[in-house]
Amino acid sequence: MVSKRKLYSKPRLTSVNAKIASEGSKFDTVKWLVVVLLVAAGVVGNSMYAEQSLLYRVIALLVLALVAGFVALQTGKGRAFFTLFKEAKNEVRKVVWPTRQETLQTTAMVVVVVLLIGLMLWGLDSLLGWIVSSIIG
């Protein structure tokens, strides 16, 4: 016989951070250290080779950034971020985007409201300025 407590108990929810921590390997700290060292090498190298061509420095920084990104994606949090990115990309595909006419109408409404509020604020500012200048003298 199953007790009522078991039938009506709520399922336990695990936090996302706990799930990511359990998915990560024991080398995640080392991988993040490598990422930090690659970024630091890019910053120091860019300042040390300031006299070199900007093109070469940018290419070197891009290569270092790609390598650091690749290493970061090998960690538990990096994989979770990549999964989140893919899911967000899929959600953007589901969005119903407005038509050109809807966009133009909405933009026109926003411009009109901004102009009206601007005119009201200008009028209020002028009125208050006139009142203060008449009081002060």
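How many salt bridges does a search of the whole structure find? In this predicted model, the search finds one salt bridge. It is formed by the side chains of Lys94 and Glu91, with a nitrogen-to-oxygen distance of 3.3 Å. With regard to solvent accessibility, Lys94 is exposed, at a relative accessible area of 60%, whereas Glu91 is partly exposed, at 45%.

The chain comprises 137 residues, of which 9% are buried. Its secondary structure consists of six helices and zero strands, so the order of elements from the N terminus reads α-α-α-α-α-α. Among the contacts in the chain with a separation of 6 or more, 68% are accounted for by residues 24 or more positions apart.

Helix α3, spanning residues 28-48, packs with helix α4 at an angle of about 170°, and the two axes are 9 Å apart. Helix α3 is therefore roughly antiparallel to α4, because angles over 145 degrees are assigned to that class. On the side of α3, the contact is made by Lys31, Trp32, Val34, Val35, Leu38, Ala41, Gly42 and Asn46. On the side of α4, the contributing residues are Arg57, Leu61, Leu64, Val67, Ala68, Val71 and Ala72.

Ala41 lies in helix α3 and counts as partly exposed, with a relative accessibility of 41%. Although Ala41 and Leu64 are separated by 23 residues in sequence, their C-alpha atoms are 8.4 Å apart in space.

Arg57 is buried yet has no salt bridge. The side chain of Arg57 instead makes a polar contact with the side chain of Asn46, at 3.4 Å. When residues up to four places away in sequence are not counted, Arg57 touches Asn46, Tyr49, Ala50 and Gln52.

Definitions and conventions:
Residues are numbered from 1 along each chain as its sequence is written. This is a predicted model: local features need pLDDT of at least 70, side-chain atom pairs count only at pLDDT 80 or more; totals for chains, interfaces and linings use all residues. Side-chain values use heavy atoms; hydrogens and water are left out. Buried means under 20% relative accessible area, exposed over 50%, partly exposed in between (1.4 Å probe, protein chains only). Lys and Arg count as positive and Asp and Glu as negative; His and the chain ends are not counted. A salt bridge is a side-chain nitrogen of Lys or Arg within 4 Å of a carboxyl oxygen of Asp or Glu. A polar contact is a pair of N or O atoms within 3.5 Å; within protein, one must be able to donate a hydrogen and the other to accept it, and residues adjacent in sequence count only if both atoms are side-chain atoms. Contact means heavy atoms within 4.5 Å. Axes are lines fitted to C-alpha atoms, for helices over the stretch in contact, and angles run from 0 to 180 degrees between N-to-C directions. Helices (H or I, at least four residues) and strands (E, at least two) are DSSP runs, numbered from the N terminus. Angles under 35 degrees count as roughly parallel, over 145 as roughly antiparallel, 65 to 115 as roughly perpendicular and the rest as oblique.
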